[in-house]
Amino acid sequence: MLATLSLSLLLCTAAPQEPGARDLLALLRAEPACTGVLERAREHRLQILLAEPVVHPDGTITVRRSRLGDERQYFYPASSIKLCGAVAALLALNEHNRAHGTALGLDSPLVIEPRFAGDERIAADPTNLAGGVLTVRHALRKLFLVSDNAAYNHCVDLVGQDGLNRAMHDAGLRSVRLWHRLSESRTLAENAVTRTVRVGDTEFAARDAAAKLSNDGFAELDVGEARMAGGKRIDGAMSFAEKNAITIDDLQDLLIEVVRAEIDTGKRGFPGLTTEQRAFLVQALGEFPSESANPKFDGKEVPDHHCKFVLRGAGEVVPRPHLRVFDKIGRAYGFSIENAWVEDTRTGRGFFLTIVLYTNPDGVLNDDRYGYEEIADPFFDAAGRAITRAVLGAERR
């Protein structure tokens with residue numbers, strides 16, 4: 001069962017705060033674009049977690065956290081959990097190398113064999129300009145740069161549902177509940193098995209990889225008023241009791257353990273990652289699509305803020321040439337998630353910012369009318385601007 005999760009008070013009231021924490025509600029109230037969301041914060045399932053590094057006299061580094069919202073209230077993490085898949089896949093390759101003396105790595109060719117009806121063998125990737133071969137490196141770069149769903153699913157097939165959850169739990173991220181692949185309609189039973197995956201000359205055979213999971217530790221697992229299925233409206237809330245889940249604290253600590261591993265979160269983290277792998281992950285998390293030479297992206301179709309929700313707002317405070325955002329966002333079922341390390345490269349100062357927001361004006365899921373552009377994007381712009389100004393102390397351009 002999921003470990004007991006701490007309860008906070010009602011959203012946008014005085015939640016327990018650490019000494020020196022910032023008043024996030026006051027910061028956001030100064031932004032007109034945030035007003036509507038703040039007035040209906042629980043309806044929007046709003047959660048914000050700000051973590052600022054603190055260097056202690058003995059040289060250790062921890063974080064001082066400021067929060068807003070009820071961290072027990074369920075949110076669908078969408079693509080933000082893809083970082084879990086990437087890390088678990090690299091750890092699995094390292095474990096295999098240690099056990100069998102192999103040298104599987106980022107540049108090993110990757111092949112996914114068919115298992116389900118309609119599957120095709122996946123070995124080539126035309127977006128890889130270096131020969132058109134699918135490699136571990138290329139798949140993971142697409143996972144981060146444009147949030148590629150297939151790349152995440154390849155990770156799931158490599159490590160299995162059990163290996164994916166175990167890797168996160170071993171790291172101390174005990175709230176993680178990863179049930180299913182993304183944008184691939186499968187039953188619970190199908191999500192608990194894997195395809196055969198070949199990495200280089202090594203075969204990871206298809207297997208039953210079920211994990212014992214429960215979302216009972218989360219509150220308000222029913223979402224919305226109705227949903228669309230087969231072109232028809234079905235009244236009643238949609239249950240997320242068997243959907244991917246993670247607390248906002250663990251989601252933020254996941255990023256901290258990758259990007260700033262020297263920070264003490266009180267959790268084990270990922271000591272099994274190599275220096276090369278960690279550098280690769282950090283680079284991929286922080287790279288803008290416009291900077292990528294392979295794969296290449298059309299700036300009109302994939303702007304830099306496409307997968308960096310706080311980039312535009314933060315860029316009004318820190319000049320864009322000096323701003324770097326290392327993050328993994330998510331967006332689905334009306335939920336928008338930003339999980340970022342925002343840094344001013346002139347000073348090296350930065351902060352971790354995780355925001356959860358649910359927008360769905362008509363209350364219907366799967367109708368693709370979620371208010372992302374009308375409500376969510378302006379909120380993230382304003383929140384990014386307000387919090388960056390408060391923490392980094394730069395003047396607005």
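The structure contains 0 disulfides, a disulfide being a pair of cysteine sulfur atoms within 2.5 Å. Cys84 takes part in none, since the nearest cysteine sulfur, which belongs to Cys155, is 11 Å away. Cys155 is likewise in no disulfide, its nearest cysteine sulfur being that of Cys84, at 11 Å. Cys84 has a relative accessibility of 0% and counts as buried, and Cys155, with a relative accessible area of 5%, is buried as well; here buried means under 20% relative accessible area, exposed means over 50%, and partly exposed lies in between, with a 1.4 Å probe and protein chains only.

The model is a predicted one, in which local features need pLDDT of at least 70 and side-chain atom pairs count only at pLDDT 80 or more, while totals for chains, interfaces and linings use all residues. Residues are numbered from 1 along each chain as its sequence is written, and side-chain values use heavy atoms, with hydrogens and water left out.

The buried residues are Val136, His138, Ala139, Leu140, Arg141, Lys142, Leu143, Phe144 and Leu145. What covers them includes helix H3 (82-100), strand S3 (110-112), helix H5 (149-170), strand S4 (197-199) and helix H8 (275-286), where contact means heavy atoms within 4.5 Å. Just after H4, Ser147 takes a positive phi of about 55°.

Two of the strands that cover H4, S3 and S4, also belong to an open sheet of 3 strands with the order S3-S4-S5 and antiparallel pairing; two strands pair if DSSP finds at least two bridges between them. The edge strands are S3 and S5 (202-204), each of which pairs on one side only. Between S4 and S5, which run antiparallel, there are 3 bridges, and Arg198 has Glu203 in S5 as its bridge partner.

Another set of pairings involves strand S7 (residues 226-229), which is joined to strand S8 (residues 232-235) by 4 bridges, the two running antiparallel. Ala229 stands opposite Lys232 in S8, and in the hairpin of S7 and S8, with 2 residues between the strands, Gly230 takes a positive phi near 60°. S7 is also joined by 2 bridges to strand S14 (residues 364-365), and these two strands run parallel; the bridge partner of Arg227 in S14 is Leu365.

The loop between strand S13 (349-358) and S14 holds Pro361. Pro361 is exposed, with a relative accessible area of 61%. Leaving aside residues up to four places away in sequence, Pro361 touches Arg369, Tyr370, Gly371 and Ile375.

Empty space is the last topic. Rolling a probe the size of a water molecule over the atoms shows where such space is left. On a 1 Å grid over the protein atoms alone, a cavity is a set of points where a 1.4 Å probe fits but cannot get out, and a pocket is an open set with protein on both sides within 12 Å along at least five of seven lines, while lining residues have an atom within 4 Å of a point. Grid points are joined across faces, edges and corners, and a volume is the space filled by probe spheres set on the points.

The structure holds 3 cavities of 30 Å³ or more, and about 100 Å³ of space lies in the largest cavity. Among the residues that line the largest cavity are Val136, Ala139, Leu140 and Cys155. The elements giving two or more residues to this lining are H3, H4 and H5, and the largest share, 4 residues, comes from H5.

The largest pocket has about 960 Å³ of space. Of the 42 residues that line the largest pocket, Tyr76, Ser183, Arg331, Ala332 and Tyr333 are the closest to its centre. Helix H6 (188-191), helix H9 (311-314), strand S11 (330-332) and helix H10 (372-392) each supply at least two residues of that lining, and H10 gives the most, with 5 residues.
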